[in-house]
Amino acid sequence: MRALADIGARSAQRFLWPAVTVAAVLLAVHGLDAHKAITSKYTYNEHIFPILRDKCGRCHVDGGPAPMSLMTYKDKGGAVAWAESMREMLVSEAMPPWYVDPTGPTVRNSHTLSARDLDVLVTWASGGTPQGDLNKKLAAVSAETRWTLGAPDLALPMTGTHTLPASTMEETFNLTLPTNLSETRWVKAADLLPGTSSMVRRAVIGVENGPVLAVWEPGDDTTPAPGGTAFRLPAGAKLHLQIHYKKSWQDEQQERSDKSTVGLYFTDEPLSGKEIQAFAVDGPKGEAHTGPLTFGGSLTTGGRVLALRTSLNQPYASVDVQAVTASGKRVPLLKLRAARPEWPRRYWLADPIELPAGTKIEVTATPGDRDSGPLAAPANSPLQVALDIVPQ
Amino acid sequence: MRQSLTGFLVLLAASAFAAPLVQGPKQNAAAAQQKLPPLSYVCPMIQDAEVIEDKPGNCPKCKMALVPIRLDSKYSCPVHPAVIRDTPGTCPLDKRELVRLTLSVFWTCGGEPDKQLLEPGKCADGQPRKVQYEPRPHGDHNPKHGGQFFMASDNWHHLEGTYPRVGLFRMHFYDDYTKPIAAKGFSGTVVVLDANDKEVASFPLAIARGGRTMEGQIKDAALPLKAAAKVKFEQTGPENRFDFTFAEYSKEPPPVPAATTAGAATRVPATAAQSATPPAKPSASAATSATTAAPAATDAQAPAGPAPQAGGAPAAPSPSTDVSQVPAALASALDESALPNSVAELLAELTRRSQEVESLVKEGSLGQVWLPAMATKTVALALDTHAGALPERQRAMASAAVKRAVTAAWEIDAYGDLGNKQKITDAYERLASAISALKTIYAGSR
């Protein structure tokens, strides 16, 4: 056997290979693929595609918000090329980006992966990525951009396109959108329709000097405020739109433009006449944290907590938000695990929680492994937890 | 004639061959046509990935006809091998340092992603062929010198630690094909650990005569020896830690006659044939391919070239190309049908299997720990089918704990290849904590 054992014996001659030998024939190589060491009993066509389509397909589709399409086996990128990435992301639980710990309060519109689905995907990704029955034709999946709640009551397109020049990979862009409303309206939901999906990474839609209407992430179902609750939008109000743009790695060195549209969904004025208000507690600023930290504040007025919003400055192994009432009773509000800063969100509680005035809000955050971050962390993201409350 | 892959790669890296895939089809085609990596001939069997010849012929190991490929050296994101670059730098997706990768480069036409052409050019419809890269599978991770075999976290350097006689610790180095490489520019130390993994002594590693191994003279070391090697592959690079446990002195295996591994029938990855170690892990981690940013050509009949050289072309893929070859030990670890049905018995089995993980971690058998880890998650998944009987709150908690157990098992599987005891120990602790949570949840429901 001619093993490749001897480094010293190499001569450079081989690299002066005559052009005639290479140009000699056109060789079609079959068979290499056919003999991969396959240890996965799950195949793409039978087991993997349905999970990916249902759980990942809104973003990981050709032309979709995520720059890696998993909706094909090999064509146009394809799941095989991203198998090792999938394994890494799934095992570290960075993907799917939904970090609610199910041992805490239940949150609406959860999108998690079951242990079984996760195991099937990782088994396939690390077990030779077999395709399976080639005669089984898979339904094509294409990217779609749509309003998840149907056409909005008021659509406010950006006033102009925003362009990321060839040299810029990502940028946070702030703009003001006049609503031109002549009377007060009540908003149950706000959504964003990206103009160019592949570059709109996240957005925050707020009322200028008012509440945050939506924390938008690609792939989410827009969740409206529970019945009988709403955000107040005064006559003549302006919206503040913050969009974080990030070009796909394949669009590096290319100019890309976007013109997104904000959609507002109106509802009746709540019977109480009271609007959803925010109460925020800020974490310590400065250097990245290594040990567990606790921070909080006290509610000056009591109310019903509908949702929590988190903004993280680094990965956290866990984030635990609790209310501590005057009597010392602890009420869990939100629990996150393996949470990553790239995905600030609003979490709507399945069951809103009443809290009296004077209740302390206590956040305990345990930093995660910063070095292992498989995703690129956003710059200048502060550590903050905000409660969306209807006051008493 | 012998070849050295490393020398080959160094030269490849020095001369820019094909343009990076992200630069667009025109430059790709132009650059690729100027210079192509030379043809190499490899064995179609993944287990024989180390066979690389510069002439056609038959595989010396399995006797099948060698198939031609072009090998190139590129840079890639450590966890996103789909991203391929010509030069070192940072990953556009996660900003980690790019790592060196050996790739097979080929071209395809639209609609025929499996037809790998070895030349650029035009497809039948006039569209340019699309350049593609496929990382070569890692070589087998079986020890070659009776020691313990690990892969560095850069996925490229591989190494084997041996303790051939009292006082001598030796490391052999390999590339991602498991070809021996020179230890040139490497530096490091070997530290001796006590039973609690505390460092008790440290000795320098020096490049040994011949240049392909590093050796450390360990004083006062009795068997069993626990030691950790801390190695830098580049002066300014990161330090890699590898944990070894030697229960006995390493013995060079006798040379294996080709006949014992030959034949298409022996498809099961080479296992304990060469050493006294338990089954080696099947290696298929690099079986990924990357595509270009070039627009996909429309469906067209690509010019089907003549079959590879004499000696018999490999058969065209059958309708179902992939034949699952699960080694028996793994198949048994993954078999849920043989498990007991009751929750109590499943919990007991879960504990038993996780204790196997624990004892292997404790004794430092890092290369073997993946198997009981897989067996443990199999039980956890079976247990999850009983979660429906729990009250809603407990059900969510139990399923979350099963998921933690499954991810921890897969972490152990990945870290086992790297030989980092601390990481495996941490992952084992996550596994144990998930199992302990499962016991509490199910005990409370009875």
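## Chain composition

Chain B has a secondary structure of 8 helices and 15 strands, where helices (H or I, at least four residues) and strands (E, at least two) are DSSP runs numbered from the N terminus. For chain A the secondary structure comes to 4 helices and 19 strands. This is a predicted model, in which local features need pLDDT of at least 70 and side-chain atom pairs count only at pLDDT 80 or more, while totals for chains, interfaces and linings use all residues. Residues are numbered from 1 along each chain as its sequence is written, and chains are lettered from A and ligands numbered from 1 in the order in which they are written.

Of the 446 residues of chain B, 52% count as buried; buried means that 20 or more other C-beta atoms, placed from the backbone, lie within 10 Å of the residue's own. In chain A, 44% of the 392 residues are buried. Two residues are in contact if their C-beta atoms, placed from the backbone, lie within 7 Å. Among chain A contacts with a separation of 6 or more, 82% are between residues 24 or more positions apart. In chain B, 63% of the contacts between residues at least 6 apart in sequence join residues at least 24 apart.

## Confidence

The model has ipTM 0.84 and pTM 0.76. Chain B averages a pLDDT of 76, and 74% of its residues score at least 70; pLDDT is the predictor's confidence in each residue, from 0 to 100. Residues 1–32 of chain B have pLDDT below 50, with 76 contacts in the model beyond near neighbours in sequence. Residues 284–319 of chain B are also below 50, with 124 such contacts. Where pLDDT is low, the predicted coordinates should not be read in detail.

## Nonpolar cores

A nonpolar core is a set of buried Ala, Val, Leu, Ile, Met, Phe, Trp, Tyr and Cys residues joined through C-beta atoms within 7 Å. The largest has 120 residues, and those with the most contacts inside it are A:Leu121, B:Val402, B:Ala405, B:Ile412 and B:Leu431. Helix H7 (residues 392–418) of chain B gives the largest share of this core, 13 residues. Beyond its neighbours within four places in sequence, B:Val402 is in contact with A:Ala115, B:Ala380, B:Leu381, B:Leu383, B:Asp384 and B:Leu438.

Notes
A residue is buried if 20 or more other C-beta atoms lie within 10 Å of its own, exposed if 12 or fewer, and partly exposed in between; C-beta atoms are placed from the backbone.
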